[in-house]
Amino acid sequence: MSVKILMVCLGNICRSPLAEGILASKLPINKFIVDSAGTGSWHIGHSPDKRSIEVAKKNKLDISNQKGRQFKIKDFEDFDYIYVMDSSNYDDIIALSQNSTHTSKVQLILDELFPDEKVDVPDPYYGTNNGFDLVYKMLDQACDIIANKLISEHP
Ligand code: 4NP
């Protein structure tokens with residue numbers, strides 16, 4: 001059975017599509033499934049933001065085939081690990097959780113890089129392209145740690 005990891009942000013067009021693409025590129029596809037979702041409903045069915053597609057492309061990743069979807073309660077059952085991009089995503093997801101098994105799956109993604117410091121991946125949506133480069137770097141570093149952990153915990 002595959003180990004399933006879900007990346008969550010607000011719109012599912014900027015940060016979590018990048019997180020999905022980056023983590024998937026670091027894991028063997030036969031054992032791990034990576035997906036992403038947004039807490040909001042504005043971008044259901046939409047492609048990632050073109051600035052996310054561009055920064056991914058610059059780093060040799062193609063995320064252009066992804067389609068936005070909204071987080072749903074069933075995701076707590078379907079996924080083993082749920083990484084959120086910022087503390088407001090965390091609060092929104094925890095508010096939907098129904099038991100401690102659900103809540104224990106949810107983690108702020110940058111806790112992997114900066115344990116217990118509650119650092120957010122900044123939302124680049126209203127900013128410049130620089131913001132997307134920074135987001136890419138943060139996610140790439142966090143996903144290196146996550147991939148190493150997942151591979152060692154699920155040999
Ligand atoms: P994301 O960024 O959560 O990283 O996908 C956003 C994208 C769209 C909106 C907000 C944040 N929006 O309000 O439409």
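Analyst: Angles under 35 degrees count as roughly parallel, over 145 as roughly antiparallel, 65 to 115 as roughly perpendicular, and the rest as oblique. Helices are DSSP runs of H or I with at least four residues, numbered from the N terminus. Axes are lines fitted to C-alpha atoms over the stretch in contact, with angles from 0 to 180 degrees between N-to-C directions.

This is a predicted model, where local features need pLDDT of at least 70 and side-chain atom pairs pLDDT 80 or more, while totals for chains, interfaces and linings use all residues. Residues are numbered from 1 along each chain, and side-chain values use heavy atoms, without hydrogens or water.

Now H1 (residues 15-25) against H6 (residues 129-153): they pack at about 45 degrees with axes 9 Å apart, so the pair is oblique. Their crossing is right-handed (the near helix is turned clockwise from the far one by less than a right angle). From H1, Arg15, Leu18, Ala19, Ile22 and Leu23 make contact (heavy atoms within 4.5 Å) with H6 residues including Val135, Tyr136, Leu139 and Asp140. By class, that's 11 nonpolar, no polar and 2 charged residues (Ala, Val, Leu, Ile, Met, Phe, Trp, Tyr, Cys and Pro are nonpolar; Asp, Glu, Lys and Arg charged; the others, Gly among them, polar).

H6 also meets H2 (residues 50-58): their axes come within 10 Å and cross at roughly 55 degrees, so this pair is oblique too, and the crossing is right-handed. Here Arg51, Ser52, Val55, Ala56 and Lys58 of H2 touch Asn129, Phe132, Asp133 and Tyr136 of H6. That contact splits into 4 nonpolar, 2 polar and 3 charged residues.

Note on methods
Helix = DSSP H or I, 4+ residues; strand = E, 2+ residues; numbered from the N terminus.
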